[in-house]
2 protein chains.
Amino acid sequence: MAKTPKRTKKKQRPFLVLSNDDGFRAKGLNVLIDTLRPMCDLLVVAPDGTRSGMACAMTATIPVTLQKIKKERGLTIYACSGTPTDCVKLAVAQLLRGRRPDLVVSGINHGDNSSVNSHYSGTLGAAYEGVMHGIPAVAFSLCDFSPDADFEPLRPYLIDFVFKAIAAGLPPLTCLNINFPKAQKFNGVRICRMGRTHWNNEFTKARRPGISHQFVYWLTGDRINDEPLAQDTDSWALENGFIAVTPETLDVTAHGLITGLQDVF
Amino acid sequence: MAKTPKRTKKKQRPFLVLSNDDGFRAKGLNVLIDTLRPMCDLLVVAPDGTRSGMACAMTATIPVTLQKIKKERGLTIYACSGTPTDCVKLAVAQLLRGRRPDLVVSGINHGDNSSVNSHYSGTLGAAYEGVMHGIPAVAFSLCDFSPDADFEPLRPYLIDFVFKAIAAGLPPLTCLNINFPKAQKFNGVRICRMGRTHWNNEFTKARRPGISHQFVYWLTGDRINDEPLAQDTDSWALENGFIAVTPETLDVTAHGLITGLQDVF
């Protein structure tokens, strides 16, 4: 009896979970979907509106909802009432149906998530949540807050970076924070450390209209670069027209302090 | 003419900014206030209600409010409509009146903020915000979620740890995440690294009462210890009755990956 001929195993398309913090309607996310869809299967779970500055916040005291926006071959989109972190948690806990994602991809954020901003960013929050579940992750951000920001110059890099991140096999607890300067052409790619910056004058005090003896405080402020001459930071790369790729770790232990503190406590 | 006799400069009492994520009425914060007040000047800026799981979230799209709750000699308390991060940002930007805090102290949280929980914790978010402004910080948490948790066993340690943290002079970008097990007596203090844990089964799907074809998702879950035998983690310390002191850094660069990634990108 003749053997059944071996079938070449068809290489599976990468399976990506996408999220962001600007909401499922945001241009940045939809550029990401359009660009990646020809090569990848996509499960998109994104907030139903803007969740900027939500960091790793999760919804602990009220329930969240999921609304199916689209389901086509290779593309499913849900809108979630919660935070970016909730979105990725829900994807992992409720929507994977046994298929393990190759990568969580978050963004493209409308705005800079380099240096200290990384700590506040919901875009990074979504990426971190993938990492916390053992899934490698990449966060993309463009240094342009405009809802109609021009993402076209980024397109050739998105697929390249996603496939490189999958192939590189990021170690456990790590992800990539990738920021693009606002430019039509980039001077290249720099692998960076997180720059030291801080925010100053963070609130504008204003009288409350109608109840003028009451004050409200609007988040504003200026970001100050505390090491403007250091050329190995994400801040420097962006200021000089480079794409900044910053590897980040979720092990935030200050390992260097452990021995010294044993003498103090 | 006789010289004016030198006056011994009176040593100033430490000045602490206090916050938390359980709100200004929470027992944990009020235990902290009562315990520290005899030795320290306190500026308390805490949320006006519970903000659990808010991480470093900040209020970016609406204004926040501040309500003065109490002003006595050495103790001022404000309630804020925003997040723990907003509270510390507002303290720094609007309320210091030129006096630099010696320490930001956050907590005492009702619940465990060790290992992966640190990333979601608003208690840590408040501490991190101090660090981002160059102020050393300590976060205190008790592994007991009860609103009426027993904080008495912690009292002797609070003042000791606060003064040690000030005296130690934590380096820039670092803070201490201090977790107490739920116990009447502790087996000692361990300086730890952040344990590797992850959350599983994170949502319970439930029908929405009244609209039974709709589902909602409640955050639940079990935390799994991925390295139960490692004795240098905060998780191990707490499971074995020790107070866990974990030094944390806000430089989340994965420095070890920089060289390798230069060959990839």
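**Figure 1. The largest cavity and its lining.** In this predicted model, the largest cavity has 18 lining residues. Nearest its centre lie A:His119, A:Tyr128, B:Cys56, B:His119 and B:Tyr128. The space in this cavity comes to about 180 Å³. The search counts one cavity of 30 Å³ or more. The grid has a 1 Å spacing over the protein atoms alone; a cavity is a set of points where a 1.4 Å probe fits but cannot get out, and lining residues have an atom within 4 Å of a point. Points are joined across faces, edges and corners, and a volume is the space filled by probe spheres set on them. In chain B, helix H3 (117–120) and helix H4 (122–132) each supply at least two lining residues of the largest cavity. H4(B) gives the most, with three residues. Helices (H or I, at least four residues) and strands (E, at least two) are DSSP runs, numbered from the N terminus. By class, the lining of the largest cavity has 11 nonpolar, seven polar and no charged residues. Here Ala, Val, Leu, Ile, Met, Phe, Trp, Tyr, Cys and Pro count as nonpolar, Asp, Glu, Lys and Arg as charged, and the others, Gly among them, as polar.

Residues are numbered from 1 along each chain as its sequence is written, and chains are lettered from A and ligands numbered from 1 in the order in which they are written. Local features need pLDDT of at least 70, side-chain atom pairs count only at pLDDT 80 or more, and totals for chains, interfaces and linings use all residues; side-chain values use heavy atoms, with hydrogens and water left out.

**Figure 2. The largest pocket.** The volume of the largest pocket is about 570 Å³. A pocket is an open set of grid points with protein on both sides within 12 Å along at least five of seven lines. The largest pocket is lined by 23 residues. A:Ser52, A:Asn117, A:Phe145, B:Met58 and B:Ala60 lie nearest its centre. Strand E5 (103–110) and helix H3 (117–120) of chain A each give at least two lining residues. The lining of the largest pocket divides into six nonpolar, 11 polar and six charged residues.

**Figure 3. The second largest pocket.** This pocket holds about 420 Å³ of space. Its lining has 22 residues, and those closest to the centre are A:Met58, A:Ala60, B:Ser52, B:Gly53 and B:Phe145. Strand E5 (103–110) and H3 of chain B are the elements that give two or more residues to this lining. By class, the second largest pocket is lined by six nonpolar, 11 polar and five charged residues.

**Figure 4. The interface of chain A and chain B.** Contact (heavy atoms within 4.5 Å) links 68 residues of chain A with 67 residues of chain B. The two chains bury about 6300 Å² between them, and carbon and sulfur atoms give 73% of that area. Buried area is the accessible area (1.4 Å probe) that two parts lose on being put together, summed over both. A:Tyr217, A:Val252 and A:Phe265 supply 12% of the area that chain A buries against chain B, more than any other three residues.

**Figure 5. Polar links across the interface.** Between chain A and chain B, 21 residue pairs are in polar contact, both residues at pLDDT 80 or more. A polar contact is a pair of N or O atoms within 3.5 Å; within protein, one must be able to donate a hydrogen and the other to accept it, and residues adjacent in sequence count only if both atoms are side-chain atoms. Two salt bridges also cross this interface. A salt bridge is a side-chain nitrogen of Lys or Arg within 4 Å of a carboxyl oxygen of Asp or Glu. B:Glu202 and A:Lys89 form a salt bridge through their side chains (2.6 Å, N to O). Helix H2 (residues 84–95) of chain A gives the most to the side of chain A that touches chain B, with six residues. That side of chain A has 42 nonpolar, 16 polar and 10 charged residues.

**Figure 6. A salt bridge within chain A.** The whole structure has 27 salt bridges over all chains. In one, the side chains of A:Asp148 and A:Lys27 meet (3.2 Å, N to O). A:Asp148 lies in the loop between strand E6 (137–142) and helix H5 (155–168) of chain A, and A:Lys27 lies in helix H1 (residues 27–36) of chain A, so the pair ties together parts 121 residues apart in sequence.

**Figure 7. Backbone details.** Most residues other than glycine have a negative phi, and most peptide bonds are trans. A:Gly107 and A:Ile108 are joined by a cis peptide bond, with omega about -10 degrees. A:Ile108 lies in strand E5 of chain A. In chain B, a cis peptide bond joins B:Gly107 and B:Ile108, with omega about -10 degrees. A:Arg97 is not a glycine, yet its phi is positive, about 50 degrees. A:Arg97 sits in the loop between H2 and E5 of chain A.
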